[in-house]
Amino acid sequence: MNFLPFEKPIIEIENKIVELEKESQEKGIDLSSSIEELRRELNSEIDRIFSNLSAWEIVQIARHPERPKTSDYIKHLIPDYVYFCGDRLLREDSAIFGALGTLDNQTVMIIGHNKGKNVKENLKFNFGMANPEGYRKALRLMRLAEKFNCPIITLVDTPGAFPGIEAEEHGQAEAIARNLQDMFTISVPIICIVTGEGGSGGALGIGVSDKLLMLQYSIYSVISPEGCASILWKDSSKAQLAADLLNLTAKDLINFKIIDKIIEEPPGGAHRNPKETLNKVKYELINTLSSIRKEYSSQNDLIFKRYEKFRKIASYDYLNSIKRENKM
Amino acid sequence: MISFNRNNEPKIIRPWSPVPTDSPEWLKCSNCKSLIYAKQLKENLDVCPKCNYYFKMTALERIELLLDPDSFFEMFSDMESFDILGFDDSKKSYSQKLQEAEQKTGLKEAIITGEGLIDGHKVCIGVMEFDFIGGSMGIVVGEKVFRLAEYANEHNLPLIIVSASGGARMQEGMFSLMQMARTSAAIGKFKNNNGLYISVLTNPTTGGVSASFSFLGDIIIAEPKALIGFAGARVIEQTTKQKLPPRFQTAEFLLDHGLIDKIVERKFLKKMLSKILTFYERSRVKI
């Protein structure tokens, strides 16, 4: 298993537990009380470390290769999934996945950036960095969801839109802009969950939604901490400092009223317990889907309310309310 | 902004200002290096008379260029930014940056919005100011575009936005990113109600601004050789390890790739807008 630098004390205890278990089995001695004690120590160590994470540590968790990926969510949330491909214009872009399936007895469309779990997958999925074709496919599938009159769930996990020559030639900016514009006209509910890395415009390109949720240790940022550091200090190694400045954690963004809800992760983060994470997300999604249905009366009302939501968030009125608070 | 010299070493230059000389009357073209008489440069609309290089125009000069004299009425002019994140990079705080930008440009933000006349055609217009923190879009720029589009929608007026921006303003973090969605929402609503939106792209239009309202024009016009794109050239080169094609991310390159409608010289820009507005106004008269 990959572990992050600040997880070292946790891993050490875990290794000790494994050793003791092995010893107890091999030598037939009862070490259960020592093991029990170590487990308690492990839990309190996890609590200690995870209750006090820096923004940069959260960035590292958000990018952890063993966090559940969009493909895992699709398999878990809609086991009868049917994948759809292509933008009908140029080619298939597998940095973004899209599938219909059944969640809690209803049809849903899941669209998400898909990072790979290893080098081979990452090359295939381009590290979850979509080209314009990916964004165009996403929009096509949203229109398809309208036809099925089913909710759309978008899963955000990308370092950003792909910075490539062809991406520019094919209109990366146009593709993202069009999604931002047209997602406001989609007549079915859209729920967006940031599951890992919400990288800038490439994330937002499928992120316009009626409800925006974030996993506890996911991030959402206008620019990567590395990119920010290289602009500010011409030094991308100062990303840790930049991560603090950018206010990119779920906690920051719920305080700013930019997101609607934080989905708690299992102790020690999603990568330590992917299964429980998948279950939690499923539970939250089912709840959100049933509550959202009560919040609008017609398709027009849904579209109207989405627009009004975005009138309010990150608005000048909000800026002024914070300004007033600061003055008091 | 990031550009490349012959050795392909990235270097930071600001190619869109002429270089001052010892004499205030004379400037040096940063492209062809020839001396230009300052007055002549202004008469030539900040285009080098020798090599035809396009220097940046301030937002106010642009308004003067495009609108009929004294017809501009500024709207939402009192909106001011504020350091909502407490963004202090230990060299210069965001508050200081805002103050300096205001002093440098005489503007409160990176866009001027209002209504005015183009050859007698009434329009809503927004013009971005690159010298205000790289024309970056934070809450105020986003809000002004949002309100301008709503105003155009309510009053059934054509909307023109002249972009000049490096993208979203990182000092406002996610508040800036959200402006991409907000501006696109308002412009989409306006366009769905049959409003005409003409987007004019000038040097440079990149990042979160290009990937939102700038590329949503019903008609997209660019100035010659303007740098237009989503990702920075250096980032693309570093990520892909590929050599960038000639003229990459220029207006001419975008025209070839079908991403914009037209490249229009600065001196003909008003005439072109006026022509399109004439066509459009005919459509509103019942035949």
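Which residues does B:Gly142 touch, not counting residues up to four places away in sequence? They are B:Met137, B:Gln179, B:Arg182 and B:Thr183, where contact means heavy atoms within 4.5 Å. The structure is a predicted model, in which local features need pLDDT of at least 70 and side-chain atom pairs count only at pLDDT 80 or more, while totals for chains, interfaces and linings use all residues. Residues are numbered from 1 along each chain as its sequence is written, chains are lettered from A and ligands numbered from 1 in the order in which they are written, and side-chain values use heavy atoms, with hydrogens and water left out.

B:Gly142 is found in helix H4 (residues 139-155) of chain B; helices (H or I, at least four residues) and strands (E, at least two) are DSSP runs, numbered from the N terminus. With a relative accessible area of 0%, B:Gly142 is buried. Buried means under 20% relative accessible area, exposed means over 50%, and partly exposed lies in between (1.4 Å probe, protein chains only). From C-alpha to C-alpha, B:Gly142 is 9.3 Å from B:Ile111 in space, although the two are 31 residues apart in sequence.

Another buried residue of chain B is B:Glu172, whose relative accessible area is 0%. B:Glu172 lies in the loop between strand S9 (159-165) and helix H5 (173-192) of chain B. Residues up to four places away in sequence aside, B:Glu172 touches B:Ser81, B:Leu85, B:Tyr94, B:Gly138 and B:Ile139.

Attention now turns to the interface of the two chains. Here 59 residues of chain B are in contact with 51 residues of chain A. Between them the chains bury about 4600 Å², 74% of it on carbon and sulfur atoms; buried area is the accessible area (1.4 Å probe) that two parts lose on being put together, summed over both. The rule finds 2 salt bridges across this interface, a salt bridge being a side-chain nitrogen of Lys or Arg within 4 Å of a carboxyl oxygen of Asp or Glu. B:Arg147 forms a salt bridge with A:Asp317, and the closest N and O atoms of this pair are 3.9 Å apart. On the side of chain B that touches chain A, H4, H5 and helix H7 (233-240) of chain B each supply at least two residues. H5(B) gives the most to that side, with 18 residues. By class, the side of chain B that touches chain A has 31 nonpolar, 16 polar and 12 charged residues. In this grouping Ala, Val, Leu, Ile, Met, Phe, Trp, Tyr, Cys and Pro count as nonpolar, Asp, Glu, Lys and Arg as charged, and the others, Gly among them, as polar.

Side chains of opposite charge can pair when their charged atoms come close. Over all chains, the count comes to 42 salt bridges. One of them joins A:Lys27 to A:Glu23, with the closest N and O atoms 3.9 Å apart. Both residues lie in helix H1 (residues 8-27) of chain A, 4 residues apart, about one turn of the helix. A:Lys27 is exposed at a relative accessible area of 58%, whereas A:Glu23 is partly exposed at 31%.

A:Glu92 forms a salt bridge with A:Lys137, the closest N and O atoms being 3.0 Å apart. This pair links distant parts of the chain, 45 residues apart: A:Glu92 is in the loop between strand S1 (82-83) and strand S2 (96-103) of chain A, and A:Lys137 is in helix H6 (residues 132-147) of chain A. A:Glu92 is partly exposed, at 34% relative accessibility, while A:Lys137 is buried, at 1%.

In chain B, the side chains of B:Lys270 and B:Asp68 meet in a salt bridge at 2.8 Å, N to O. B:Lys270 lies in helix H9 (residues 266-283) of chain B and B:Asp68 in the loop between helix H2 (59-66) and strand S6 (73-75) of chain B, so the pair ties together parts that are 202 residues apart in sequence. Both B:Lys270 and B:Asp68 are buried.
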